[in-house]
Amino acid sequence: MKPKNGGVKIRNAMASDAPAVSALLKELGFPSTSREVTARLKAMRTSTLVAVRENQVVGLLTTDVMKVLHRPTAIGRLSALVVSQKQRGKGVGRALVEAAEQRFKKKGCALVEVTSNLRLEDAHSFFKRLGYEATSLRFKKQLHGVQHRATDI
Ligand SMILES: CC(C)(COP(=O)(O)OP(=O)(O)OC[C@H]1O[C@@H](n2cnc3c(N)ncnc32)[C@H](O)[C@@H]1OP(=O)(O)O)[C@@H](O)C(=O)NCCC(=O)NCCS
C-alpha cells in the first residue's frame with residue numbers, strides 16, 4: 001500500500017533551508033527572519049529536522065536530548081513542530097515525529113516529551129494518535145529585564 005505521506009523525506013535542516021524555516025516559524029506564531037534563523041541554526045545544539053516533498057520544505061521539528069539527574073536514561077524533547085497549512089493531514093507531522101523518535105532511541109532516550117499550548121487542541125489529538133499521553137501541566141513565568149544579546153540573535 002502507498003504510504004499516506006506520499007514519499008515525504010525527513011532530513012537535518014541546512015543553512016539553505018533558512019527562508020523556508022522562517023516561513024514555517026511564522027505559521028507557528030514565532031516570526032523570525034531568515035537571518036535570525038541562519039544564525040540560530042549555526043549557534044544552537046538543538047537538532048532541526050525538516051520534511052521535504054517535491055523539493056519543498058513542508059514541515060519542521062526541533063528536538064533536544066536532555067540528560068537529567070533523576071532518570072537513568074536521557075529524555076528526548078520535541079519543541080517547535082509545524083507542517084505548512086496546505087500539507088497538513090497527509091502524514092508529514094507523523095513522519096517528522098517518528099524520525100525524531102528513531103534518533104532519540106539511538107541516543108539512548110527511553111522517553112519522549114512535548115509541551116503543547118492548551119489552545120492547540122488539534123495538536124493534542126495528533127499527539128494522542130501517535131501514542132502520547134497527557135500527564136502534566138506546564139507552568140511558565142516571564143523573567144523581565146532580560147535583554148537579547150548579540151550572541152542570542
Ligand atoms: C499538529 C501538526 C504538526 C500535525 O501534522 P500533520 O501533518 O497535519 O499530521 P499527520 O497528517 O501526520 O497526522 C498523523 C496522525 O494524527 C491524526 N491527526 C492529525 N490531526 C488530528 C486532529 N486534529 N484530530 C484527530 N487526529 C488527528 C491523523 O489522522 C493521523 O492519523 P493516522 O496516521 O493514524 O492516519 C499540524 O497540524 C500543524 O502544523 N499544526 C499547527 C501547528 C501546531 O499546532 N504544532 C504543534 C505545536 S505543539
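Helices (DSSP runs of H or I, at least four residues) and strands (runs of E, at least two) are numbered from the N terminus. The model is predicted, and local features need pLDDT of at least 70, side-chain atom pairs count only at pLDDT 80 or more, and totals for chains, interfaces and linings use all residues. Residues are numbered from 1 along each chain as its sequence is written, and side-chain values use heavy atoms, with hydrogens and water left out.

The shell around the ligand draws at least two residues from each of β4 (74-83), α3 (92-106) and α4. The largest share, 6 residues, is supplied by α4. Of the 22 residues around the ligand, V83, G89, G91, G93 and R94 come nearest, where a residue is near if one of its heavy atoms lies within 4 Å of the molecule. A backbone N or O atom of G89 is placed 2.8 Å from a ligand oxygen atom, and a backbone N or O atom of G91 also lies 2.8 Å from an oxygen atom of the ligand. For R94, a polar side-chain atom lies 2.7 Å from an oxygen atom of the ligand. The protein covers 77% of the 940 Å² of accessible area (Shrake-Rupley method, 1.4 Å probe) that the ligand has on its own.

Elsewhere, T46 occupies the loop between α2 (34-43) and β2 (47-53). Not counting residues up to four places away in sequence, T46 touches T62, T63 and D64, contact meaning heavy atoms within 4.5 Å.

L118 is found in the loop between β5 (109-114) and α4 (121-129). L118 is exposed (over 50% relative accessible area) because its relative accessible area is 68%.

Note on methods: Buried < 20%, exposed > 50% of the residue type's maximum accessible area, 1.4 Å probe, protein only. Polar contact = N/O pair within 3.5 Å; in protein donor to acceptor, adjacent residues only side chain to side chain.
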